[in-house]
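The sequence and structure come before the discussion.

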Amino acid sequence: MSSTEQGTSSAAPAEPTTAPESAAAPEVPESFYYVHGKDKVVHKVSAGALQHSALIHGMISNLGYTEEQAKANPFPFENIDGDILQMVVDWCNQHKGKPTPPEDTNLPKQKEKLFDLVLAVNYLEIKELLTYCCKQVAMMVKGKSPEEIREIWMIPTDAEDEAAEKEAKKRAGKEAAGETAAAAGDAK
Amino acid sequence: MAEWVDLPEKFKKDVVENLDLMSRFSMRNVSKSDREIVDSVDFYVPRVRYSVKTDGKKCLIMIYSGIEKFWRIEISENWKGNVVVKKTQDTYNLNEALTKEISGTSSILLSSSILKSLLIQESILIGTFELEHDNYDLIPQINVYDPISSVLGAKAGGWDNIFNAKKLLCNWMVHPKIIEFYRTLLFNSNTLEEIAHEGIALEPENMVPVKILENNTKYGNRLNIRRSDFWTAERPDENKHRMIPKFKDSDGYATCRLVSKMHFKLFDDQRFPIKRLNSKVLMKRITVPQNGVVARWNKSECGVWIHMMKMNNESKYHDFFKNETCGLRWLCEKCSDPFDYWYYRNLPRRVIDEAEWIDIAYRSCEKSPLPDEEDLNRNIKKLKDKFVLENESNPKPQKKGAESKSRGFGTSKNSNSFEGTLIGRLDGFSLKKVGSVQFADFEITSRIYLLIEFACRNHQPSSPLGPSSKRQKLTEGEASTPFQPAQLYRKEKYNF
């Protein structure tokens, strides 16, 4: 059971008459969890905001942390840069419990940041944010020529790809030969 | 720091799904792996219009992506023998076109190459591929087909070199034989659901089509053969003459689709029992056993439509008739696809938007069609005046700026360099040697050919507007009679 479900009840003010059922139920205090990225800076995020991330939501459900345990054990995301994680947390907080609008104009415009965000969001399984990122990435190349797309996204041409592949093979071959020679030397 | 190559493949596919056709085309040419990703993502193009004029010396490619969203490529040959390409996006105004002059090719070959590069991919499905000719004679059409088939289709590049389209639509001038050539060699038979002939009778009464006279014949389980005549004039007294030939020798049915609410009275005037076909449609079934003909008058809140057919064909279409909830097709704003509704509603607007490209409008097919040309020109002039007046009273809002344009469709005028533009980068842009096409090689599916020919026959060589400017006068009495088939057959006026 997640800690949100374990929250203690408190005297909740009655809801407006339009929702009599919910007015009767006691208001559950919001639970918070803690996450940190590569920079080890811990971010406090509400359970409601973390609902956006299928990965974290799954972790919370499986671990059944209490608030104290959650505070003592922040979720580590060592593969995500601190500023990117901050961006994700901000987005989750901003869209907590709200229907997501059709467009989000606050996403980073720079390719480096956007692609890092994509990888983080993809890892954290935040579907709505990934959709926004997807649209933003598509906007970057709308109306561009293949050369311009290559330049913007730093995509190597097929020829460059082949050359790099050959180079890598050559290097691997040399390394393998070196290792064999070293092994033979050891055997002697 | 992440790069494009580091992103997950699924995400890349999602990005490609968000690209328009031209960006997708650019993306496809970035690298081999990106091409594979693009090719794995399906793409739908609602409509493509390919018009060919003056023996292929002038061509027009219109690729529609939505309502008022299109790429327009007009290709012509100048006095130097060079090809001039004018490209615009979402506008017909050639003053905004990117223009380029190219030597060493022809309009027809270049336009075919562009179509091939942009649209022949397994992942691309075209809703309707529309083909227009400006000449109803077979030989000029064969002369145009010859170079087209040297670039496009199975003869030029095998069965991977064909279009995936749901409908092949031709203007009323395209010869049935030519349609059959295109169908068999340029289109994927697995995706093709309909072959149609369309035309519009432009008359100044209305600025939008108000009536469709149509015949449909089912071929096998999948293919529908259709002929549709759009009308901007009501002319209810002429419907009876025009419908009967549409089904009398056919296995299909003819339909008259009437959008005006005034036709409800025609339905109510038929003194036959009413049957409720479904929650939306009331029907009156009128039979003329001595002639073996049945007419099904249908009424819904959208309008009135009448199906007529030989009695022995009725059962074939029984399920379709029973489940039909609106028979107005593209005339109905509420029930038709919004894009199709927009497209057909704006057909008459071509007289002002694309005055040179109105070969879908009927004119006489006689060898000396001068009087009819005059008739058509007079109608066009009147319609034009109406549209000009409308534009003046309701000016269109300014379109978005150049930043929303696709690659190669910007607003810079007379760009003499194609460096960096789409056309300059098209695959297959360079000329290939044109091989000769032996028509004897083509195996014409005789049954389909006959169906197409039937669909076209009633308008070859004359259009629904009639063979001369002095339109055939209806005999006295008939002219004022509304379309009431039951009464007509009782008089045994028509023998089938």
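Helices (H or I, at least four residues) and strands (E, at least two) are DSSP runs, numbered from the N terminus. An unreviewed UniProt entry lists residues 1-47 of chain B as "domain: F-box"; such annotations may be inferred rather than shown by experiment, and UniProt positions are given in the numbering used here, with feature names shortened.

## Basis and confidence

This is a predicted model, in which local features need pLDDT of at least 70, side-chain atom pairs count only at pLDDT 80 or more, and totals for chains, interfaces and linings use all residues. Residues are numbered from 1 along each chain as its sequence is written, while chains are lettered from A and ligands numbered from 1 in the order in which they are written.

Chain A has a mean pLDDT (the predictor's confidence in each residue, from 0 to 100) of 78, and 83% of its residues reach 70 or more. Over residues 1-23 of chain A, pLDDT stays under 50, and the model has 27 contacts beyond four places in sequence for this stretch. Two residues are in contact if their C-beta atoms, placed from the backbone, lie within 7 Å. Where pLDDT is low, the predicted coordinates should not be read in detail.

An automatic or database assignment divides chain A into domain 1 (3-9 + 26-155) and domain 2 (159-188).

The contact between the chains takes 24 residues from chain A and 26 residues from chain B. On the chain A side, helices H7 (111-124), H8 (127-141), H9 (146-153) and H10 (158-187) each supply at least two residues, and H7(A) gives the most, with 6 residues.

Chain B contains 16 helices and 15 strands. Of its 496 residues, 43% count as buried, that is, 20 or more other C-beta atoms, placed from the backbone, lie within 10 Å of the residue's own.

A nonpolar core is a set of buried Ala, Val, Leu, Ile, Met, Phe, Trp, Tyr and Cys residues joined through C-beta atoms within 7 Å. The largest has 101 residues, and Phe163(B), Tyr182(B) and Met308(B) have the most contacts inside it. Helix H4 (residues 107-119) of chain B provides the largest share of this core, 7 residues. A second, separate core of 42 residues includes Ile80(A), Trp153(A), Val15(B) and Val38(B).

Technical notes
A residue is buried if 20 or more other C-beta atoms lie within 10 Å of its own, exposed if 12 or fewer, and partly exposed in between; C-beta atoms are placed from the backbone.
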